[in-house]
Amino acid sequence: MTEAPSRPVTFPTARRHLFDPPGEVLQWQRQGALHRMTFADGHLGWLLTGHAAARAVLADNRFSNRTELTHPPVAHPLAGQENRQLPPGFFLRTDQPEHTRFRRLLTGQFTVRRMRQLEPRIEEITSDHLDAMERGDRPADLVQAFALPIPSLVICELLGVPYGDRAQFQRDSAALLNLDSSAERMGAALVDLMAYMRDLVLRKRAEPADDLLGGLVASGELDDEELTGVALLLLIAGHETTANMLALGTFALLRDPAQLALLRDDPAVVDNAVEELLRYLTIIHMGPVRTALEDVELDGHLIRAGESVAFSLPAANRDPERFDDPDTLDVTRPATGHLSFGHGIHQCLGQQLARTEMRIAYPALLRRFPGLRLAVPAEEVPMRSHMTIYGVHRLPVTW
Amino acid sequence: MDIKADTDRCIGAGMCALTVPEVFDQSEEEGTVVLLDADPPASRETAVRKAVQLCPSGALSVS
């Protein structure tokens, strides 16, 4: 039995194995769900590692998600400047009732039924990219050939963002999520992205368009600043998340041929396999964070008003109290109930889109290239360890 | 079974419609929960309870 940490911990980010959370968080988890943690700005708050406790706090409106109230778990280049720069429509970082006003305008666009209607187009986009990959050179970088362009094109079409502009916004979006970016670079990326989005909003106002942004503009519910923030949030969320799941998930499957074969050969396994990959990989590995608005008792501890709680979702999704044999990738296990899309009112708006994309893209890739394999040793794959969203920078593959 | 769905609490995540489409749907406009069958056959009870458990906003209850 290891000792519970007696001194406050810091947020662990170094994953020791490709797909596993940092070893420390899993050791701490065995001692309890809550641990004192020193945040990057010196604030003494809490680290949450248990599934049940994480679920409870994420659903508890006594905890706020407002940027100006939360402390950064890891050093952030824009720390102290961020709340001034994030546009008002970046509603991920708002509480009720303001959050509800934004979310209600969007939820109708991301329903299960709407996503089913998108399936034929997502299949077509996937197929086109697999065709291009097949015609192209070997080895190929799976990120650039497959994992990034498919969700990027899908979200662009849905929002009404010209895909031809992707070089600019993909670069800025990547810089924004890279914690090694300088404050200048990250600040410039945010300014550029907001200017791009504001320009797009103004164009939609001038020329009504039959897409999500055009519809939001026409609704008259939001002003241009708010529309800019909403558009920015959806564009970043729409292509950074699924892209990393597709590449990292393929990497994990290539390291586990039996699981890969199950997903490739049995259509009945696909839906569950997607949930299990979401659980096992948990790419949101440096957040979320909430701050108590009043004193809250949890798991035998008192979280005082004003104290921030950082979540290790990778640890919560490996909690043995919730998932049997949690460190094993098993695409046949019941994996729903994972926290990879969060929980509570901020649970991922685009989760049904992400599911639809993954349910189509993984099996299509594995069936098109039955001989798919890494083109470099696994340890040479560059991992996104110091990025807000985990994954691989590149995944060289051949077939 | 007596299922209750609170559309004010609902955030339109769609977990219920994904889990038991025979019992839950989402409205076209706001994406919030639409209860198709407040008293479904007992054979659906396990799935309904799972949907209640998965609901991120606590908008569903079953008794």
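Which residues have the most contacts inside the largest nonpolar core?

## The main core

In this predicted model, the largest nonpolar core has 96 residues. A:Phe146, A:Val161 and A:Phe251 have the most contacts inside this core. Helix H11 of chain A, residues 224-254, gives the core its largest share, 17 residues. Nonpolar side chains tend to be buried together in soluble globular proteins.

## A second core

A separate core of 18 residues is also present. Among its members are A:Trp46, A:Val57, A:Leu58 and A:Leu339.

## Helix H10

Helix H10 of chain A covers residues 212-219. Its buried residues are A:Leu212, A:Leu213, A:Gly214, A:Leu216 and A:Val217.

Just after H10(A) comes A:Gly220, with a positive phi of about 70°.

## Where the chains meet

The contact draws 20 residues from chain A and 23 residues from chain B. Interface size is often given as the accessible area lost when the parts come together. Here, the area buried between chain A and chain B is about 1,900 Å². Carbon and sulfur atoms give 42% of that area. On the chain A side, A:Arg104, A:Val112 and A:Arg113 supply 30% of the area that the chain buries against chain B. That is more than any other three residues.

## Polar links and make-up

Four salt bridges are counted between chain A and chain B. In one salt bridge, the side chain of A:Arg104 meets that of B:Glu30 at 3.4 Å, N to O.

Which helices of chain A each supply at least two residues of the side that touches chain B? They are H4 (98-106), H5 (112-135) and H15 (351-368). H15(A) gives the largest share of that side, four residues. By type, the residues on this side of chain A divide into three nonpolar, 10 polar and seven charged.

Terms used:
Residues are numbered from 1 along each chain as its sequence is written. Chains are lettered from A and ligands numbered from 1 in the order in which they are written. This is a predicted model: local features need pLDDT of at least 70, side-chain atom pairs count only at pLDDT 80 or more; totals for chains, interfaces and linings use all residues. Side-chain values use heavy atoms; hydrogens and water are left out. Contact means heavy atoms within 4.5 Å. Buried area is the accessible area (1.4 Å probe) that two parts lose on being put together, summed over both. Ala, Val, Leu, Ile, Met, Phe, Trp, Tyr, Cys and Pro count as nonpolar, Asp, Glu, Lys and Arg as charged, and the others, Gly among them, as polar. A nonpolar core is a set of buried Ala, Val, Leu, Ile, Met, Phe, Trp, Tyr and Cys residues joined through side-chain atoms within 4.5 Å. Buried means under 20% relative accessible area, exposed over 50%, partly exposed in between (1.4 Å probe, protein chains only).
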